[in-house]
Amino acid sequence: MKSYLRAVGAHLGSLSRTDRLLALEGLEAQLGELLEAGLDPREALGAPEDYAGELLDALASDAPADEPHLRVLGLPLETRGPVSAKVRSRTWNPESPRLVVPRLLGVGWTLNLGALAVRLRLIRPDDATNEVLDQIPERSVRTAQLAPLLVAGATAGALALMWKKMPDRVASGFDAFGRQNRTSSKISMLGSLMLGVAPAIWALRRQASTEDRLVSAASATTLATVSASAVAASLLSARGPRGRWGLLVPAGALLGIAASLGVIVLPLRAGLRHAWRNVAASREHTGHER
């Protein structure tokens with residue numbers, strides 16, 4: 001897996017260092033999924049140079065954000081997600097009624113948080129305009145960006161406190177009923193932790209549009225919550241091996257979706273309030289002039 005990763009990285013020299021790291025982090029996660037499924041990366045993704053070439057071509061193309069880069073046996077396959085703001089935006093598109101959209105990376109689908117927020121009547125489809133986004137206070141955006149880091153930091157702290165008390169091998173896989181069915185070295189828990197830490201750090205960047213910063217923070221919050229639930233499941237399984245702690249993982253995914261909605265909807269509503277106040281003040285000023 002590492003040789004494939006290095007070979008792809010060698011052909012991504014035209015990307016910036018940050019984008020190259022993001023692409024390789026995403027690819028590493030995808031390779032992990034292929035490894036668990038017993039699939040050879042070269043058979044599933046093609047030769048490293050071909051994969052890198054397709055990624056660079058896709059980033060340079062004008063393919064619609066809602067459409068995947070490729071389809072394999074009818075399933076959407078995306079390679080651009082980690083480094084394309086346009087593709088990332090598909091997870092927040094209130095104007096689209098589609099609840100399920102192609103994943104940002106790999107095969108399958110993910111959730112359109114914008115459509116979900118509209119169906120839950122948290123916002124209207126036309127609320128997320130550029131005028132409203134421009135009215136969002138900077139402190140609200142920064143608070144949203146800190147949310148995933150707080151979750152990841154709490155997870156890291158809990159793991160650090162428990163580390164010395166953990167056995168050498170811990171639960172790393174669970175069956176459909178939440179019981180552990182696989183163990184690994186406790187070092188593997190650092191991988192689960194990094195699933196939340198790396199996106200949380202990346203989501204802190206300021207050099208992006210307000211919408212992209214909020215969308216990135218929402219995605220990082222989901223991953224940080226899933227990471228926290230996976231670490232918690234392993235920690236609790238070490239203390240009570242017969243418990244159904246694996247059920248924490250799907251519960252964490254649902255909690256992560258709810259938290260990510262808050263991360264993006266609350267700042268948006270703050271922007272709406274500012275926009276409404278500005279309109280009211282403008283009307284009052286016009287009334288005084290008359």
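Reply: The chain has 11 helices and seven strands. This is a predicted model, and everything below describes that prediction. Of the 290 residues, 39% count as buried. Among contacts in the chain with a separation of 6 or more, 61% are between residues 24 or more positions apart.

The part in question involves α8, α9 and α10. Helix α8 covers residues 138-162, helix α9 covers residues 188-202, and helix α10 covers residues 210-239. Each pair is taken in turn.

Start with α9 and α10. Their axes come within 8 Å and cross at roughly 160 degrees. Because angles over 145 degrees count as roughly antiparallel, α9 is roughly antiparallel to α10. The crossing in which α9 passes α10 is left-handed. On the α9 side, the contact is made by M189, S192, L193, L195, G196, P199, A200 and W202. On the α10 side, the residues are S216, A220, L223, A224, V226, S227, A230, V231, S234 and L235. Sorted by class, this contact of α9 with α10 has 13 nonpolar residues, five polar ones and no charged ones.

The C-alpha atoms of S89 and S216 are separated by 8.9 Å, although the two residues are 127 residues apart along the chain. S89 itself is in the loop between α5 (85-88) and β3 (100-102). With a relative accessibility of 25%, S89 counts as partly exposed.

Next come α8 and α9. The axes of these two helices come within 8 Å and cross at roughly 155 degrees, so α8 and α9 are roughly antiparallel to each other. Here α8 passes α9 in a left-handed crossing. From α8, the residues P148, L149, A152, T155, A156 and L159 take part. They meet M189, L190, L193, G196, V197, A200 and I201 of α9. This contact of α8 with α9 comprises 11 nonpolar and two polar residues, with no charged residues. M189, L193, G196 and A200 of α9 meet α8, and these residues of α9 are also listed in its contact with α10.

The remaining pair is α8 and α10. These helices pack at an angle of about 15 degrees, with their axes 9 Å apart. Since angles under 35 degrees count as roughly parallel, α8 is roughly parallel to α10. The crossing of α8 past α10 is left-handed. By class, the contact of α8 with α10 divides into 15 nonpolar, six polar and four charged residues.

Strand β6 (residues 169-174) and strand β7 (residues 180-185) pair in the antiparallel sense over five bridges.

R121 is found in the loop between α6 (113-119) and α7 (130-134). Phi of R121 is near 60 degrees, a positive value in a residue other than glycine. Most residues other than glycine have a negative phi. R121 is exposed, with a relative accessible area of 77%.

As for residue class, the contact of α9 with α10 has no charged residues, the contact of α8 with α9 has none either, and the contact of α8 with α10 has four.

Terms used. Residues numbered from 1 in each chain as written. Predicted model: local features only at pLDDT ≥ 70, side-chain atom pairs only at ≥ 80, totals over all residues. Heavy atoms only, no water. Axes fitted to C-alpha atoms, helices over the stretch in contact; angles between N-to-C directions. Helix = DSSP H or I, 4+ residues; strand = E, 2+ residues; numbered from the N terminus. Parallel < 35°, antiparallel > 145°, perpendicular 65-115°, else oblique. Left-handed = near helix turned anticlockwise from the far one by under 90°. Contact = heavy atoms within 4.5 Å. Nonpolar A, V, L, I, M, F, W, Y, C, P; charged D, E, K, R; others polar. Buried < 20%, exposed > 50% of the residue type's maximum accessible area, 1.4 Å probe, protein only. Pairing = 2+ DSSP bridges.
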